[in-house]
Amino acid sequence: MSIASDFHNHIVRSSAQQMVEAARNKDIRVLGLSEHVFQMREAHPHLLHMPLEGRMLTYADYVEEVQAAGKNRDVEVRLGLEVDFIPEQNEVIQSTLQGLPWDFLIGSVHEVDGVLFESLHDLERAKGERLWSRYYTLLRAAVRSGYFSVVSHPVRMRSTNPYLPANLDEELEQLAADAAEYDVALEINGYDTLTYINLVRRLARACAKHHTAISVGSDAHNPTQVTQAHHYIEPLLREAGITSIRTWRQRVPEEMAF
C-alpha cells in the first residue's frame, strides 16, 4: 500500500491518540482527524436531530486533543471537522467554526430536506429516485458554497436507497466538473468502497475525466478502521488514471503522489 494519507477519521469512540497510533502502525504519514460537528457542544444545539456517536467535546477540548496527538513525530496530524451541509442552517453552523485553526473542513450531506436518509426503510422507487436527484443537487451546492475543502461520500445515498437513477454517471460527472471548477476535492470514502465499490469506481472515473482533486478517507470510527479500504482504493484509482491525492495544511491544498 503506497497511499500514505487518510483524511476522514473520528475520535469520540476512542481518542485522537489511539487513532494516530493506529495510523503509525499502518504506515500513514499524514492523518486527518475530522470529528462530526454535531459532537461539538457549541454546535449540537443546532443539530439536535443528529444521533450522537460518542462523547461530546467542546471545540477547545477537541483542538487540544488533536494537537496533543499530533506530537507523534512519525505521523503528521491535521485538524479537521466533518460539517453537515443543511441549507437552512448553514450560516449558524458555520458561525460556530470561526477563529479555530482548521487544516481542512469536510462537507457532508446526511439529510435531504429533513430526512436522514441513512435511516430510511422500505423506500418506493419513485421516492428513491427523487432522493438521489435531490442528493446531488445538495452535494453540488456544498461544493459551490465556499465552506469546504472536500465534499464527502458522494455515493452514500446507496446505503439505504437501491434505486439508482438512470443518469447516475451524468450526475457524478456534473458534480466532478463543479468540484474541479471550485477547486474542491471529492472524497473516495473507505466505508463506501467496502460496501459498494462499483459506485466508487464510477465516481473515480468521473473525477479523472474532469481532473477533479480527490481525497481518500476511511471514515474510521475506531482505530481498527484506519486505512480500512486503502488496499482496494489504490488499484481503483490507478485504474481510473488518478495518481495523486489531496491533503491540506491550514486550509492550503497539497498533492501527494502515490
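Contact here means heavy atoms within 4.5 Å of each other. Helices (H or I, at least four residues) and strands (E, at least two) are DSSP runs, numbered from the N terminus.

1. **Basis of the model.** This is a predicted model, in which local features need pLDDT of at least 70 and side-chain atom pairs count only at pLDDT 80 or more, while totals for chains, interfaces and linings use all residues. Residues are numbered from 1 along each chain as its sequence is written, and side-chain values use heavy atoms, with hydrogens and water left out.

2. **Helix H8 and its cover.** Helix H8 covers residues 230–240. Its buried residues are His230, Ile233, Glu234, Leu236 and Leu237. Buried means under 20% relative accessible area, exposed means over 50%, and partly exposed lies in between (1.4 Å probe, protein chains only).

3. Phe258 sits in the segment after S11. Is Phe258 buried or exposed? At 14% relative accessibility, it counts as buried. Phe258 and Ala4 are 254 residues apart in sequence, yet their C-alpha atoms are 7.7 Å apart in space.

4. **Helix H1.** In H1 (16–25), the residues Ala16, Met19, Val20, Ala22 and Ala23 are buried. They cover an arc of only 160° around the axis, so they are on the same side of H1. The arc is that of the directions from the helix axis to the C-beta atoms. These buried residues pack against S2, H2 and S3. Just after H1, Asp27 takes a positive phi of about 65°.

5. **Helix H2.** H2 covers residues 59–69, and its buried residues are Tyr59, Tyr62, Val63, Glu65, Val66 and Ala69. Their arc around the axis is only 165°, which puts them on the same side of H2. Ala60 and Glu64 are exposed on the other side. Which elements cover the buried residues of H2? They include helix H1, strand S2 (30–36) and strand S3 (76–84). H2 is in turn among the elements that the buried residues of H1 pack against.

6. **Leu139 in helix H4.** Leu139 belongs to helix H4, residues 125–144. It is buried, with a relative accessible area of 0%. Neighbours within four places aside, its contacts are Val109, Val151, Ser152, Pro154 and Leu175. Leu139 and Val155 are 16 residues apart in sequence and 10 Å apart in space, C-alpha to C-alpha.

7. Asp183 has a positive phi near 55° and is not a glycine. It lies in the loop between helix H5 (168–182) and S8. At 46% relative accessibility, Asp183 is partly exposed. Arg251 is another non-glycine residue with a positive phi, about 70°. Its place is the loop between S10 and strand S11 (252–257). Arg251 is partly exposed as well, with a relative accessible area of 35%.

8. **Overall shape.** The protein has 8 helices and 11 strands. Its C-alpha trace spans about 50 × 40 × 30 Å along the principal axes. With 258 residues, a compact globule would have a radius of gyration near 18 Å, and the 17 Å of the protein agrees. That radius is taken over C-alpha atoms, and the globule rule is 2.2 Å times the number of residues to the power 0.38.

9. Of the 258 residues, 56% count as buried. Among contacts between residues at least 6 apart in sequence, 73% join residues at least 24 apart.
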